[in-house]
Amino acid sequence: MFKKVLIANRGEIALRIHRACKEMGISTVAVHSTADADAMHVRLADESVCLGPPDAKASYLNIPAIVSAATITGADAVHPGYGFLSEEASFASILEVHGFTFIGPTAEHISLMGDKVAAKQAVEENGVPVVPGSAGAIESTSEARSTAQEIGYPVLIKAAGGGGGRGMQVVRSADEVEAAYTMARTEAKASFQNDTVYMEKFLERPRHIEVQVFADGQGGAVHLGERDCSLQRRHQKVLEEARSPALDDTQRDKIGKIAADAVRRIGYVNAGTIEFLFEDGEFYFIEMNTRLQVEHPVTEMITGIDMVREQIRVASGSPLSFTQEDITFRGHAIECRITAEHPETFVPSPGQVTNYHPPGGMSVRVDSGLYAGYSIPPYYDSLVAKLIVHGRDRSECLMRLRRSLEEYVIAGIETTIPLHAKIVENSDFINGDYDIHWLERFVAEEI
Ligand code: ADP
């Protein structure tokens, strides 16, 4: 087992990884930018190294600086968290070259799944249902037109190197194709330095349902059930729950098994998430994320499995500590992503937290690096806390979530707590009756 792990991230996820390490008797190294010198993960880590100035390119994305930090502190392994370098294949391979273990999948699997066109082909060959769409990249406007005709409008043009919901264009009719195709390529080039685009059927009212998978590369490959992440704003998840209110046990078992079998066949190692759209009883693969997800705690709450601990164990060469039969699902969990943004206008609201009082009590978990007096820097993602609540069933979970949101005090800045408080009072949400467009409509009409 590793003696020392360097955590190549910041915020709540750096803290989350630190906690798992400490519970395993592993020392931690925090890395940070000059803007994060006072961050909680830096305070709690056994050692810390300043990487550079606030700009992420000079700090959290600065591979040479991170490798140097791992070298001078004598770390054995690096956990990338999510975002930043977590899906950068070259980071994984550079670490291995320098003798450090990357806590995650192989560079090959990261590259394969990072190319969404290749990923779709790879999973389809391994029995996973995909969204109807182009066979590969779309090379010209005329190909875009003919493919759209074959698939049937509306269609969605997506970036092969895409992420974070950026670079997608909905096309509703033939006369929109040319402009949308040009726009998608330009946006893809600007955002991802890769102007390859592909086309999919645009599903009108799907849910976003993803399956958590875990494999050890030694024959062990399991699924940890699904999460429903349909509540999104600008294609970004806002609230997630497990299990999905839309599935029955037969549907769950079926998609879970398909996902676990696919990762076993492709020889995948460590944690991953296979994302699907779900409409009219059918699942359609959209992408695989080769890392820990922001929303992993809802799975931890219903399975009792510490996923970061398991990631570290598997990366150190151990087989999975459980089989599919060992995994049991208990009750219901919901996560609210709390961001430092105005709850109605979504204008970012960095600055000093003057008072801080997180909720507590039975089955309430708060993953956050906030404390009174802390100044949220303006340079990074606006996620500042995750409130995760468990209940014996969905209605108990909702009652507990309501009272937890009422208890939560984060003063001095604006947060999205009031938005979550409104969502959990809404009858559609209470009934589990929502799709991926529901939240945008709710924000437009009710907020
Ligand atoms: P990214 O990697 O940018 O997050 P995804 O492929 O995961 O892109 O899609 C992000 C979100 O965009 C999905 O959760 C869904 O809301 C929407 N989306 C993606 N593909 C489709 C589609 N074919 N039809 C309708 N909505 C889609």
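**Notes on backbone geometry**

1. Let me start with Gln193, which counts as exposed at 62% relative accessibility (exposed means over 50% relative accessible area, buried under 20%, partly exposed in between, with a 1.4 Å probe and protein chains only). Gln193 is not a glycine, yet has a positive phi of about 50°. You will find Gln193 in the loop between helix 8 (177–192) and strand 8 (197–201); helices (H or I, at least four residues) and strands (E, at least two) are DSSP runs, numbered from the N terminus.

2. A word on the basis: this is a predicted model, where local features need pLDDT of at least 70, side-chain atom pairs count only at pLDDT 80 or more, and totals for chains, interfaces and linings use all residues. Residues are numbered from 1 along each chain as its sequence is written, and side-chain values use heavy atoms, with hydrogens and water left out.

3. Ser363 is also worth a look: its phi is near 60°, a positive value in a residue other than glycine. Ser363 sits in the loop between strand 16 (355–357) and strand 17 (364–368), and at 26% relative accessibility it counts as partly exposed.

4. Now to the cis bonds. From Tyr153 to Pro154 the peptide bond is cis, with omega near -5°. Pro154 belongs to the loop between helix 7 (141–151) and strand 6 (155–159).

5. Ala242 and Arg243 are likewise joined by a cis peptide bond, with omega about 0°. Arg243 lies in the loop that runs between strand 11 (236–242) and helix 9 (249–266).

6. As background for these points, most residues other than glycine have a negative phi, and most peptide bonds are trans.
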